[in-house]
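Visitor: Please put the model up. I would like to go through it point by point.

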Amino acid sequence: MTENDGQDRLFGPNPSGLDESPHGMMVLVIVGLLSGMFGIGGGTVIVPVLVWLGLSQRHAAATSMLAIVPTSISGVISYAHNGNVDWVAAALLSNAQSCYARAELEMTGLAGVLDDVIISSEEKIRKPARDLYMLALDREFVTAKHALMVGNDEQNDIVGARTAGIDGVYFRTEISPADDPETSSYAVRSFTGADYEGLLDYVLNA
């Protein structure tokens, strides 16, 4: 009794069910080349071929997904090396009227810098409502623990963000509400004035 005989008794001649004959392997090679050359997805070509060659639908789908991982990683590395990956998304949440806010953003040049602008008058939700912060997270495809709210209104910006699980950095500025404190106990860090250098240092070293 050979070692292979023992394996065959436990699992059968081919546990995966895949046709491993030269003909089957040649079909896989050709399909893989065509898929790569023409950008045809696994669900369109590779999975049906794997099923045709003997794999179950579940195993075929899993095999196709596994094949995508190395390609995806190499693609991200390539784009990142060329500076084409945006690792940080910046979104503006405002309670201002849309007609004024968007005009000011265009005038100051910030419209082209921000990844998104979410204005309460357009969304029919106002800060400090939790739903507005959740909307921002959904739009930017980030989780609360990977987000940071920067604002100069303790209740609307810092406390509001906290209800959605978002940390806040508080700027006590001249246009902050008169009854706002100098430092916010709800914020992870407070600054006097719009201290952008202090904010950058905090973010880079947090």
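Guide: First, a term: helices (H or I, at least four residues) and strands (E, at least two) are DSSP runs, numbered from the N terminus. This is a predicted model, in which local features need pLDDT of at least 70, side-chain atom pairs count only at pLDDT 80 or more, and totals for chains, interfaces and linings use all residues. Residues are numbered from 1 along each chain as its sequence is written, and side-chain values use heavy atoms, with hydrogens and water left out.

Visitor: In which helix does Leu105 lie?
Guide: Leu105 is buried, at 9% relative accessible area. Buried means under 20%, exposed over 50%, partly exposed in between (1.4 Å probe, protein chains only). The helix that holds Leu105 spans residues 98–108 and is α5.

Visitor: Leaving aside neighbours within four places in sequence, which residues is Leu105 in contact with?
Guide: Contact means heavy atoms within 4.5 Å. Val117 is twelve residues from Leu105 along the chain, and their C-alpha atoms are separated by 9.4 Å. With neighbours within four places set aside, the contacts of Leu105 are Leu92, Leu110, Ala111, Leu114 and Val117.

Visitor: In what order do the elements of the chain run?
Guide: The chain has nine helices and five strands. From the N terminus on, the order is α-α-α-α-β-α-β-α-α-β-α-β-β-α.

Visitor: What percentage of the residues in the chain is buried?
Guide: The accessible surface of the chain is about 13,900 Å², with 59% of it on carbon and sulfur atoms. Such areas come from the Shrake-Rupley method with a 1.4 Å probe; for residues, only the protein chains shown count as cover. Of the 206 residues in the chain, the buried share is 28%.

Visitor: Which residue forms a cis peptide bond with Lys127?
Guide: Omega of this bond is about 15 degrees. Lys127 and its partner are both in contact with Tyr133.

Visitor: Is Lys124 buried or exposed?
Guide: Lys124 lies in the loop between α6 and α7. Its phi is positive, about 65 degrees, although Lys124 is not a glycine. At a relative accessible area of 72%, Lys124 is exposed.

Visitor: What is the relative accessibility of Phe141?
Guide: Phe141 sits in the loop between α7 and β3. Phi of Phe141 is also positive, near 55 degrees. Phe141 counts as exposed, and its relative accessibility is 75%.

Visitor: Which element gives the largest share of the lining of the largest pocket?
Guide: On a 1 Å grid over the protein atoms alone, a pocket is an open set of points where a 1.4 Å probe fits, with protein on both sides within 12 Å along at least five of seven lines; lining residues have an atom within 4 Å of a point. The largest pocket has a volume of about 1,800 Å³, a volume being the space filled by probe spheres set on the points, which are joined across faces, edges and corners. Of its 43 lining residues, the closest to the centre are Ala90, Ala91, Leu148, Met149 and Val150. Five lining residues, the largest share, come from α9.
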